[in-house]
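I opened my notebook to go through this chain piece by piece. Here is what I looked up, in the order I got to it.

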Amino acid sequence: MALGKYSRVDGRKSSSGYCSMVTIAVFVVLCLVGVWMMTSSSVVPVWSSDVSTENKNEVGTHVSESNEDNNNRGTSNDSVNNASDDSSSSDDGKTKQFEDNPGDLPEDATKGDSNAGLIQEEKNDKSEETEKTLEENPVEKSKDEKKEYIEERKEDEEEKNGGEAKEDGELQKENKDSETGETNESNSDDNEKKSGESSSDVKDGDKGDGQTEEKVEEEKDKETDQVTGEKKDQSNEDFPSGAQSDLLKETTTQNGAFSTQAAESKNEKEAQESSQLEKESGYSWKLCNTTAGTDYIPCLDNLKAIKKLPSTKHYEHRERHCPESPPTCLVPVPEGYQRPVEWPRSREKIWYHNVPHTKLAEVKGHQNWVKVSGEYLTFPGGGTQFKHGALHYIDFIQQSVPEIAWGKHSRVVLDVGCGVASFGGFLFDRDVLTMSLAPKDEHEAQVQFALERGIPGISAVMGTKRLPYPGRVFDIVHCARCRVPWHIEGGKLLLELNRLLRPGGFFVWSATPIYQKLAEDVEIWEAMKKLTKAMCWEVVSITKDRVNGVGIAVYHKPSSNECYEQRSQNDPPLCKDTDDPDAAWNVLLQACMHKLPVDSSERGAQWPKQWPARVGQTPYWLSSSQVGVYGKPAPEDFAADYEHWKRVVSKSYINGLGIDWSNVRNVMDMRAVYGGFAAALKDMKLWVMNVVSIDAPDTLPIIYERGLFGIYHDWCESFSTYPRSYDLLHADHLFSKIKNKCNFMALVAEADRILRPEGKLIVRDTVEIINKLESLLKSMHWDIRMTYSKNKEGMLCAQKTMWRPKESETISHAIA
């Protein structure tokens, strides 16, 4: 009886086990069919060449480590490497060649271009997305869920089958042997999860495939899979016991107490890279620690020198006082800084955090200078003398004096005491280029506001020295209630404007002495009438703008010396013949007037052609007997330079560098020569500050004659502008000239200071300089977008990033 009893039990056991096995097998097959259908209907992404083999191996560490899998993994890695090589080769073949003057920078020497840089950026973005996906959806989490479910199924089977669950392991082996094909690892994870969910839904059977490693196939295998539709899979992982399963239930580790290996490795790699870049460049960058902070201008914030000034009566404290050793540190970026608003919207509003100053809004808000509006600073377009908008004011001036003819007869304007430069900002609508000028911090951040808005501006003051511009170059000089005491000290300041104003040009003065009857205003008005008459300035118009309630006086400078010769008194006196009106760098102001040109071939004897004809026409006063900068007769030199830059800009800069020119507004040509670079950009919605070095041939008058503008400067010193002023810097053989003259590193730091984050630097120079700059810019974490070289000449295009060093350097002379 006992034997029979046990025989019946054994029989039931065998029958039940067989049914259970069949049931499980049926549902596993159904699950696999469902998985196959889902995967076959979707596109399986192929590993791109930017996903490194290292990353694949990291994922591979979570899967089975049998000898067979290891061998397959090696094969997979080889195929990945081959795919990477093929991709790289393909990218190189598609790289667009840099186009330039064949006699200048030949086309066949392209080292790299923006397209390659953009491709690499896209690859980096994809890598980051892949890494992020792996972190947010860890493989272990989905597999642990399946493990937990399988453990529960095992326990159920054990209860049914008297504690025996061997069939599951055997079934897993059978399933493993029956599965074929290799797929992408990321799809495998998704498919495993979907399969687990399907099994959970039907509550019958178990997938039993464990954790699966899927590999990149070689081309032949891929073709075979596409034809047969077969899917290969491998698995040999044994699931842990229930107790182990409980221990392996992970939380979201990246939010816990432990960092991930990926994060640790990434941080260490970045630190090593930064250290290596600094080691290669031989320089370790530090952050400038100054009282001015993010607004530091070295030559205007030399507080130590300013404190030693014997007097500030003539605004000496607002003039340039450069430190003996220019700083080589990097200026910090304001917290919350972001890419500036694009022109023309920037004329009306800018990001508050880019220029976080509100004092001017509090003081001048009622005059429509600037207002605070949420995360923006807004500019209604008003000013002290034109509260109801600059455009009405501009049109009213031309109605009063039609000869002004904005944008045709009058092209280049100097706006003294510009405020936030709304006057110059709206003159762009009339094809007028305005050099806006105001002292730093007289009204907090006024020039900084102008530059952030995309309006030309320079921080300077009419104090004891001449302004850094040549004589007889501005078509119009404008001053709207700038409160400059023009009449004092023999009219020294107004005589400086006379030096700058083109013969036949206009001085537009909008101030209270013209229309108010207060005692002080009456006194100033009488003094101005006497001074302007002695200077032979003719009063063209005195009108009152009833909309704004202000008066405007317009004066006309003579075109000949006839009036000077007929004066009863030589007061103000004429300057000595040896006094050069173009001499402007650190030259003291003098209360005298320069004679006007007599010969019709002299500069200033004729008014330039109307805009835009004047930009491409060789100035009439350039003689063939003069030798140009490049050794040809001056007219030929000028014409050749213009043709060169038109070719370079159109063929290389516009399309060859990957620059989005819609984001470019403020441009500086750090070594301008004839202004050909700026002239070639004349049809674009931007402006160019042409800088002529003080030790270079004085070609700045030619630039103004073309209807462009610029300034003299010594690049051994800091430029008089706020940090983050320019979207693009262009330097043609400037760095090589500075290398043997002064501190090369200081010039690199200065370029970083005045360029906005995400701004571009284009350098044309010797290969030696290009290589050195590339190393230094990399050490500042700039993106090198393109380098190009041949015959010892080269070119570099780089983009500044938001990176700033962590260590700081205290600039003692800039600490209050």
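First, a word I need: a residue is buried when its relative accessible area is under 20%, exposed when over 50%, and partly exposed in between, with a 1.4 Å probe and protein chains only. Since R756 has 4% relative accessibility, R756 counts as buried.

Notes on the source: this is a predicted model, where local features need pLDDT of at least 70, side-chain atom pairs count only at pLDDT 80 or more, and totals for chains, interfaces and linings use all residues. Residues are numbered from 1 along each chain as its sequence is written, and side-chain values use heavy atoms, with hydrogens and water left out.

**Entry: R756 and who it touches**

I found R756 in strand β16, residues 755–766. Helices (H or I, at least four residues) and strands (E, at least two) are DSSP runs, numbered from the N terminus. Which residues does R756 touch, not counting those up to four places away in sequence? My list reads Y337, P340, L451, E452, N666, R724, S725, Y726, D727 and K800. Contact here means heavy atoms within 4.5 Å.

**Entry: helix α15**

Two names on that list, L451 and E452, turned up again among the buried residues of α15. This helix spans residues 446–453, and eight of its eight residues are buried. The buried set also includes Q446, Q448 and R453. After α15 comes G454, with a positive phi near 90 degrees.

**Entry: the whole chain**

I counted 26 helices and 19 strands. Of the 816 residues, 51% are buried. Among contacts between residues at least 6 apart in sequence, 72% join residues at least 24 apart.

**Entry: the cores**

A nonpolar core is a set of buried Ala, Val, Leu, Ile, Met, Phe, Trp, Tyr and Cys residues joined through side-chain atoms within 4.5 Å. Which members of the largest core touch the most other members? They are Y469 and W486, in a core of 122 residues. Helix α25 (residues 744–754) gives this core its largest share, seven residues. There is also a second, separate core of 20 residues, with F386, Y393, I404 and L427 among them.

I then looked up W486 on its own. Leaving aside neighbours within four places in sequence, its contacts include V416, M462, F507, W509 and L531.

**Entry: the cavities**

On a 1 Å grid over the protein atoms alone, a cavity is a set of points where a 1.4 Å probe fits but cannot get out, and lining residues have an atom within 4 Å of a point. Grid points are joined across faces, edges and corners, and a volume is the space filled by probe spheres set on the points. How many cavities of 30 Å³ or more are there? I got twelve.

The largest cavity holds about 300 Å³. Its lining has 21 residues, and R320, A460, R466, P468 and S720 are the closest to its centre. Strand β14 supplies the largest share of that lining, three residues.

The second largest cavity has about 130 Å³. It is lined by 18 residues, with P326, P327, S718, A746 and E750 nearest its centre. Here α25 shows up again, with the largest share of the lining, five residues.

Note on methods: On a 1 Å grid over the protein atoms alone, a cavity is a set of points where a 1.4 Å probe fits but cannot get out, and a pocket is an open set with protein on both sides within 12 Å along at least five of seven lines; lining residues have an atom within 4 Å of a point.
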